[in-house]
Amino acid sequence: MRRGAVILCGGQSSRMGHDKATLPFGPECMLQRVVRLVSEAVDLKRIVVVATSGQLLPDLPSAIRMARDERQNRGPLEGLSAGLAVLQDDVDAVYATSCDVPLLVPAFIARMFELLDDFDIAVPCETQQQHPLAAVYRTSVLPSIRRLLDADRLRLRFLFDEVRTREVPVDALRGADPELSTLQNLNHPADYHAALFAAGFPVP
């Protein structure tokens, strides 16, 4: 399987109060760190970072591809569409993530690709909660995503209902990521401080 990755960084970050992509995390910005960690599981040339129009980003490796949301404020489905459009000719499936998971474990990504099997999507699931930004999507779902966007059906859950989706119990992922750190996205300043502490960096 030709593996790619889509990293979404175009959220409004209203609860954090600061653009998450440029938040300092040790010697790097958060987006730089997530790109580096993802590149341990996916070739840099097959990673695309999706930002909003006019969003300023930190320096990234030259091999990283860039995309912009076609329409603003339409959530992760719009960003996933933009990322898949860039990679659709070069990869079979992508791991999709946000830029606010600095404790991401690369082995988690590799395990999710393994669990895709012959499904269109593999998504971690914890009781009733799905984790669509820690999931693997075949590029073949792009037409379905575009139909949903055209119909203003913007929730990723609608996509899961339309294509063959495997719900992966999170306990099946603990062998790769015992603490499930990959699923710990940062929404509030307290989350950011806790992640810095967990990574051994000074907390402001």
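In what follows, a residue is called buried when its relative accessible area is under 20%, exposed when that area is over 50%, and partly exposed in between, with a 1.4 Å probe and protein chains only. The structure is a predicted model, in which local features need pLDDT of at least 70 and side-chain atom pairs count only at pLDDT 80 or more, while totals for chains, interfaces and linings use all residues. Residues are numbered from 1 along each chain as its sequence is written, and side-chain values use heavy atoms, with hydrogens and water left out.

Asp152 has a positive phi of about 55 degrees although it is not a glycine, and Asp152 is placed in the loop between α4 (142–150) and α5 (156–162), where helices (H or I, at least four residues) and strands (E, at least two) are DSSP runs numbered from the N terminus. With a relative accessibility of 52%, Asp152 counts as exposed. Leu180 also is not a glycine and has a positive phi, near 50 degrees; Leu180 is found in the loop between β10 (165–169) and α6 (189–199), and at a relative accessible area of 8% Leu180 is buried.

The buried residues of α2 are Leu77, Glu78, Gly79, Leu80, Ser81, Ala82, Gly83, Leu84 and Leu87. In the loop that joins α2 to β6 (93–98) lies Asp92, which is partly exposed at a relative accessible area of 28%. The C-alpha atoms of Asp92 and Glu126 are separated by 26 Å, the two residues being 34 residues apart along the chain.

On a 1 Å grid over the protein atoms alone, a pocket is an open set of points with protein on both sides within 12 Å along at least five of seven lines, whereas a cavity is a set of points where a 1.4 Å probe fits but cannot get out; lining residues have an atom within 4 Å of a point. The volume of the second largest pocket is about 160 Å³, a volume being the space filled by probe spheres set on the grid points, which are joined across faces, edges and corners. The lining of this pocket consists of Arg68, Glu70, Arg71, Glu78, Ser81, Ala82, Ala85, Arg146, Leu149 and Asp150. Two or more of the lining residues come from each of α2 and α4, and α2 gives the most, with 4 residues.

Contacts between aromatic rings were then considered. Rings of Phe, Tyr and Trp (its six-membered ring) pair if their centres lie within 6.5 Å, and planes under 30 degrees apart count as stacked, over 60 as edge-to-face and the rest as tilted. By this rule there are 3 aromatic pairs. In one of them, the ring centres of Phe25 and Phe201 are 5.6 Å apart and the planes stand at 85 degrees, so the pair is edge-to-face. Because Phe25 belongs to strand β2 (residues 24–25) and Phe201 to the segment after α6, this pair ties together parts that are 176 residues apart in sequence. Phe25 is buried, with a relative accessible area of 0%, whereas Phe201 is partly exposed at 23%. Another pair joins Tyr137 and Phe160, whose ring centres are 6.4 Å apart with planes at 25 degrees, so the pair is stacked. Tyr137 lies in strand β9 (residues 134–138) and Phe160 in helix α5, so parts 23 residues apart in sequence are tied together. Tyr137 is buried at a relative accessible area of 0%, and Phe160 counts as buried at 7%.

The cysteines complete the description. The structure holds 0 disulfides, a disulfide being a pair of cysteine sulfur atoms within 2.5 Å. Cys99 is buried, with a relative accessible area of 5%, and its sulfur is 5.3 Å from the closest cysteine sulfur, in Cys9, too far for a bond.
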